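Please look over the sequence and the model before reading on. The text below goes through some charged pairs and then a helix crossing.

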Amino acid sequence: MQRIDDFLGWLSAHLDFRRDLLLVISPTPGGDTVTGVNYLTPVLAVGNGVPPGLLTSSTTKRPGIIMNTDLAPTILRFFGLPVNMYLTGQPLQVVTAYNQLQALQTMQNQLALTYNARPVLQKGYIFYQFILLLVALYCIFWRRSRTGRMLEPFLLSVMAVPLVYLLLPLLPQPNVIVVGLELLLLTVIITAAAIVLQRLHRLDPFILLCFTNAGLILADALLGSPLQKTAILGYDPIVGARFYGIGNEYMGILIGSILIGSAALLTRMPHRRQILLAIIGSFYLVSIYILSAPSLGINVWWCHRYDRRFFNHFFAAPGRTFYLAYGSSGCRRSCRGVGEFYVL
């Protein structure tokens with residue numbers, strides 16, 4: 001480090017930063033971090049056209065994070081050369097920020113924590129669902145309706161977990177153990193609240209959790225996805241899968257929540273079908289816009305799949321009948337004109 005510092009000091013003394021540009025990059029992590037989670041490497045830019053702040057680019061749209069593919073377009077633009085259309089990166093930009101080093105360190109710690117917590121919590125969540133599925137199948141095939149009714153809070157908790165994942169970034173997260181405890185506590189609280197609302201106000205907890213999940217995901221997208229950027233089910237800049245918008249995981253939850261929730265709502269309230277169709281149709285259109293807008297969801301492929309299911313739902317033949325099975329007791333409710341078959 002001392003040799004690097006001496007070299008940068010010597011180099012800076014021979015540069016005119018009014019016209020020169022110095023880029024200090026580390027293409028790959030050091031040997032002691034390859035097996036860890038510190039895959040993000042430092043980049044330093046100083047000189048002409050680079051004010052103090054955090055580096056970003058149109059590729060990531062996140063202050064403090066760039067892609068290595070952004071370096072070539074940056075160099076070409078500095079020399080006044082045209083940027084080849086086949087280059088996937090974008091020229092670097094600078095976002096004004098105070099306490100840049102502290103902001104970068106905080107972001108790095110949060111990303112590393114999410115990266116470490118994701119496999120542990122996700123494996124536990126999948127195992128939990130697998131056990132519940134086995135018990136639910138036992139109740140259905142061996143007609144254990146009493147045991148099935150006891151499973152209902154646990155089945156509702158499965159729907160509450162994606163919502164909790166999205167809320168966790170709002171809480172302090174010092175380590176993975178605390179994140180796991182917060183996950184359990186919030187899941188119990190939200191599940192219990194849904195059950196209490198059902199008993200006090202006759203609100204179907206299934207429908208309530210569906211639209212709460214969908215509403216929070218859409219609201220987060222409207223605000224620039226601050227929660228998804230560090231959520232367990234969000235996207236991970238460390239692996240470079242996605243940097244902004246609505247990720248595939250929450251896209252699947254959003255589409256499933258809206259379609260299944262609206263189908264269950266129409267099933268529950270057939271006497272208000274016309275009003276509900278107008279409200280649900282408007283909600284569909286708003287969600288489609290948010291999903292596909294370049295500055296919001298930015299997930300056109302999933303939006304195309306959602307469009308097809310929306311039309312299947314909304315313009316289904318009025319006399320078409322199918323069965324919606326939900327809950328642990330395997331009860332079935334006939335529903336006309338909704339257009340698809342769902343089993344939870």
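A residue is called buried when its relative accessible area is under 20%, exposed when that area is over 50%, and partly exposed in between. By this rule aspartate 20 is buried, because its relative accessible area is 14%. The model is a predicted one.

Aspartate 20 pairs with arginine 19 in a salt bridge, with 3.0 Å from N to O. Arginine 19 also meets the side chain of aspartate 16 in a salt bridge, here at 3.8 Å, N to O. Arginine 19 is exposed, at 56% relative accessible area, and aspartate 16 is partly exposed, at 22%. A network of salt bridges links Asp16, Arg18, Arg19 and Asp20. In total the structure holds 5 salt bridges.

Another of these salt bridges joins the side chains of arginine 268 and aspartate 204, at 2.7 Å from N to O. This pair links distant parts of the chain, 64 residues apart: arginine 268 lies in helix H7 (residues 248–268), and aspartate 204 in the loop between H5 and helix H6 (205–222). Arginine 268 is partly exposed, with a relative accessible area of 36%, while aspartate 204 is buried, at 12%.

Helix H5 (residues 176–201) also takes part in a crossing with helix H3 (residues 100–141): their axes come within 10 Å and cross at roughly 55 degrees. The two helices are therefore oblique to each other, and the crossing is right-handed. On H3 the contact is made by Leu113, Asn116, Ala117 and Leu121, and on H5 by Val176, Val179, Gly180 and Leu183.

Definitions and conventions:
Residues are numbered from 1 along each chain as its sequence is written. This is a predicted model: local features need pLDDT of at least 70, side-chain atom pairs count only at pLDDT 80 or more; totals for chains, interfaces and linings use all residues. Side-chain values use heavy atoms; hydrogens and water are left out. Axes are lines fitted to C-alpha atoms, for helices over the stretch in contact, and angles run from 0 to 180 degrees between N-to-C directions. Helices (H or I, at least four residues) and strands (E, at least two) are DSSP runs, numbered from the N terminus. Angles under 35 degrees count as roughly parallel, over 145 as roughly antiparallel, 65 to 115 as roughly perpendicular and the rest as oblique. A crossing is left-handed if the near helix is turned anticlockwise from the far one by less than a right angle, and right-handed if clockwise. Contact means heavy atoms within 4.5 Å. A salt bridge is a side-chain nitrogen of Lys or Arg within 4 Å of a carboxyl oxygen of Asp or Glu. Buried means under 20% relative accessible area, exposed over 50%, partly exposed in between (1.4 Å probe, protein chains only).
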